[in-house]
Amino acid sequence: MAPEAGKPLEASELSRGVLDAALEFETTGDLEPLEDWPGQERALDALRMAAESRFSDFNLFVLGNPGTGRRSAVRALLSGAAESLPRPSDWVYVNDFDDPRRPRAMDLPPGRAMVLKAAVEKLIDDLANEIPAVFESEDYQARRRAIEESYSDRQEQAMGELAEKARARGVAIMRTPMGFGVAARQGEEILTPEAYHDLPEDTRERIDAAMAEISAELEEILGQVPKGMKAQRREVEALNVEMTEHVVDDALSEVKAEFAGEDNALRFLEAMRDDIIENADLFLIREDGATAGAFPVATTKHYAKPQFRRYAVNVMVSQPHTNGHGAPVVEESLPTLANLIGRIEYAAEQGALVTNFTMIRAGALHRANGGFLVLDARQVLIEPFAWDALKRALRSGEISIFSAGERLSLISTETLEPDPIPLKLRVVLVGERMLYYMLTAFDPEFAELFKIEADFDDRMPRDVDSAKLFARLAGTIARREDLRPLDAPGVRRLLLESTRLSDDAERFSLNLGRLSDILREADHWAGGAGSETIGAPHIDSAIEAAERRAGRLRELSQEMIHRGTLMIDTDGAHVGQINALSVLEIGKSRFGRPSRVSARVRVGSGKVVDIERETELGGPLHSKGVMILSGYLAGQYAPEEPMSLWASLVFEQSYGGIDGDSASAAELFALLSALSELPIDQSFAVTGSVNQFGDIQAIGGVNEKIEGFFDVCAARGLTGRQAVLIPETNIKHLVLRRRVVEAVESGQFRIIPIATIDQGIAHLTGRDAGARGADGRFPEGSVNALVEARLQAFAETRRSFGLRNGQEKGKP
Amino acid sequence: MTVVRVILSATSFAEARDALALATEIAAEMNGDLQGLLIEQEAVVTLTRLPAARLIGSHGRALGGIDPAGMAAAFRGDARRFEAELARAAEAAALRWSFRHKRGQVGEILEEMLQAGTLLVACGAPRRAPLREVVLVLGADGDMALARLAAAQAARIGRPLRLLLPPGAEPPPDLAPTVIERFADEPALRARIAALDPRSLLFAEAGSLAKIAQEARCTCILRVP
């Protein structure tokens, strides 16, 4: 039989069906593990859509509460989808030999980046040995000497001939600190000025002519020296190139063969060849001696030397070397700007920050390119520039590396402008619903870039099929966490707790995190008890222990009531005073407790004063509730009369903020009591909101509220009269702790659903509320009649007061 | 062969720079002192006073306005650089060293320096190419120690050893020169020596050949027994 409003609930009505049909097994070890996530079909479909779609803007936002299996579902589904995708390319940065500030990005077939890197390192090692050997060879030395001698021969021959000619013409050529001196000679000595002047004029003219001729020829010979040197250098350079080309081509042929058909690699190797030949002198630098290190020169890692850094292959992304297939699934738990798009590192050299292309580091976008990138939405949003960088990359379809310092112009040192790398991946953001809705509302680009939402449900309907799934889910969690299997009563108890977690007796919670916590703790208790399985007592122990750990504040609250510090009556009757119920949620602690609500009335102009609002302690929902009950009063009792009431309502001993409308029914009851002057039975507590027509509406936290009042009553002694009035529409949410159910069962406590204000006031005052008769009047002596009479009296008083006041004003 | 000192003589720093390593090496090998000698030739100073004389820079451009004082200053500058380089090289080789700057006739100064136990390295013209050959002048009662020094130098630089034999001289049996040239008279030998180009390195005994060193364009190593 369905529960009837206004009548106390039976204990049997507090407990949903136990769904035994779903629990026909010994232990969850007998059940098939769940591959999927129960109750999340909608979200899983969205995930599959995002994973399989080829459109670049079908990025995904996975929304839902923590613990609903969002991440594990994302991980499992994406891993599955990634396996069927092709392995993406490897990416490397190499030097642009023409413009080192702009490193070149180069893609290679999967798994080939590390091969190229190793091949280039070996090539450099080989050349570091072979090029010096070539330049030290007898062949090279002979050819070089031949070039040098051909030029010096010419010059020396010319100088020799000139010296002979000068001697024959009586002219001396002498070396001086400033060059060459040309002077007339007299025998083996230089002709003195005096002797020169004593010579006949024709002799002097002859000597002058000879000196002029020799000088001119000497100038000509010496003038040719720089040109000869330049030509000699060019010939030597050509020889160097020829010799280097031979060695480099020989060494490169093997590497090129290894990369045949890989155009990018071949282009790079060709550019590297030209640069090595042009800069062969780099291979002749010998800053360390042949025996400088622990290993012989031939086995030294030459490629690691600074002068060969220009030939390095900086591997940004390298797929596994195996022949496996599949795209990457990358989770970045710390999505800073640098961790996301990569970074350029710097090293301090003589007080300056320097960098080069080998100091470019990959980010999560690089690693996930071609696959999936899973990010925590909140983390991306709180990391400076990260969200902006992510959107920019998705919008542009490429990864450009920049630093926050550059962006803010904080770095003035020379930096790099690496080629952007083309980006093709699916980004999956995992976050709370609020974030999703805020991004949708405030970031216009968000909806463009994240077109798919996967909304993970918190609850699933409770029926036999879902209970079976729940049992398998519990078994899967136990198996995954390496826990004992659950027996059927254990699952039943967990199932009950799950409905409690969902605040709904007809729904299971899908908070896998919380269920896992309970199971792990229950496993601990089962282990302590020497049980092979997790049973109901172990689940109970786990739940009770968790509540006890988080129960300090609840106990403190109960203690204050018990000691009379917080004034709550649980017996007797008072006019204008009622026990309302509220829920406090602090940290992991969530509990209900009663609060005294009181109401005072007098003649006024139709105003109900909400003291909480006046003192700015009441939230908007609370104020709304108070205004609604004003509407109820006006419509119910004085449709034809001006409302001549002034009333004040207050939560006694409340010093913090109050919000929500779940106390509006209690406030209305207090007001009706004050108006009717009928006392309210303090054995009752009330929760529920009210509409303008006096209907009682559902509220949240009904279980905690009932238990809060029950615990106060239990501490003082249960009388059997004590009860909680709850909205009839909250019956389906009842998943009460066993102590309450047992008290109801034994008739020591009552839970009474009500659908209207009239039902509630009747219980509270012990007097019928009364309905208007055909004459439009409430039955005499009924609560409503007393309220209406009081309101009419207020109206009359106010009218007479107004009349009197008007006469006073009208006096001449 | 007992060598007490190795004298590196030059008429400019450019000459000395080319021969400094060689002189240092020989001094270290012989365990002798290293002495530097810059000769400021009277004739060069005189040159600046001659109305028709010319000065031509090493790149072939005529230099004007150089007076005796300017030339003397240039010599002083060369002397400073010569001394500094000599000190650096000698200290690096852990040699005792000294330096002198003398003015006068090259022949006279060299005659004065050639005392027993001296090995004179007289610089030739600056070289623009590596040494091409080692030349040894060996008389009839030839100084075999000098011959071995020349042979060792030729082997060290990997260049041929040319043996010039004055009239009446014969090649020693334990020397294996690459080329042997015999001369019927002294003037022919002197003309041959004078014609050696700066890429040659001449080893000879001092004495009558000392004067030839003035005219040779190559670096001469002259030993006073």
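Two strands pair here if DSSP finds at least two bridges between them; helices (H or I, at least four residues) and strands (E, at least two) are DSSP runs, numbered from the N terminus. With that in hand, here are my notes on the model. It is predicted, with local features needing pLDDT of at least 70 and side-chain atom pairs counting only at pLDDT 80 or more, while totals for chains, interfaces and linings use all residues. Residues are numbered from 1 along each chain as its sequence is written, and chains are lettered from A and ligands numbered from 1 in the order in which they are written.

1. Start with the sheet in chain A. Strand E2 (residues 90-94) of chain A pairs with E3(A) in the antiparallel sense, over five bridges, and A:Asp90 sits opposite A:Leu108 of E3(A). The sheet is an open one of three strands in the order E3-E2-E7 (chain A), with antiparallel pairing. Strand E3 (104-108) and strand E7 (314-317) of chain A are its edges, each pairing on one side only. From one strand to the next the twist averages 30° (angles run from 0 to 180 degrees between N-to-C directions, and axes are lines fitted to C-alpha atoms, for helices over the stretch in contact).

2. Something also covers that sheet. Helix H7 (residues 263-278) of chain A packs on it and touches E2 and E3 of chain A; the direction of H7(A) makes about 135° with that of E3(A). Contact, here and below, has C-beta atoms, placed from the backbone, within 7 Å of each other.

3. Now the interface. Contacts link 32 residues of chain A with 38 residues of chain B. On the chain A side, helix H4 (138-168), strand E4 (171-176), strand E5 (179-186), helix H5 (193-198) and helix H6 (201-258) each give at least two residues, and H6(A) has the largest share, with 11 residues. That side divides into 16 nonpolar, eight polar and eight charged residues (nonpolar: Ala, Val, Leu, Ile, Met, Phe, Trp, Tyr, Cys and Pro; charged: Asp, Glu, Lys and Arg; polar: the others, Gly among them).

4. Strand pairing crosses between the chains too. E5(A) and strand E3 (residues 54-56) of chain B run antiparallel, joined by three bridges, and B:Leu55 is the bridge partner of A:Gly181.

5. Chain B has seven helices and 11 strands. Among contacts in chain B with a separation of 6 or more, 64% are between residues 24 or more positions apart.

6. Last, a helix pair. Helix H1 (residues 13-30) and helix H3 (residues 68-92) of chain B pack at about 15°, their axes 10 Å apart; they are therefore roughly parallel (angles under 35 degrees; over 145 is roughly antiparallel, 65 to 115 roughly perpendicular and the rest oblique). Contact residues include B:Phe13 and B:Leu20 of H1(B) and B:Phe82 and B:Leu86 of H3(B). By class, that contact has seven nonpolar, one polar and four charged residues.

Methods. Contact = placed C-beta atoms within 7 Å.
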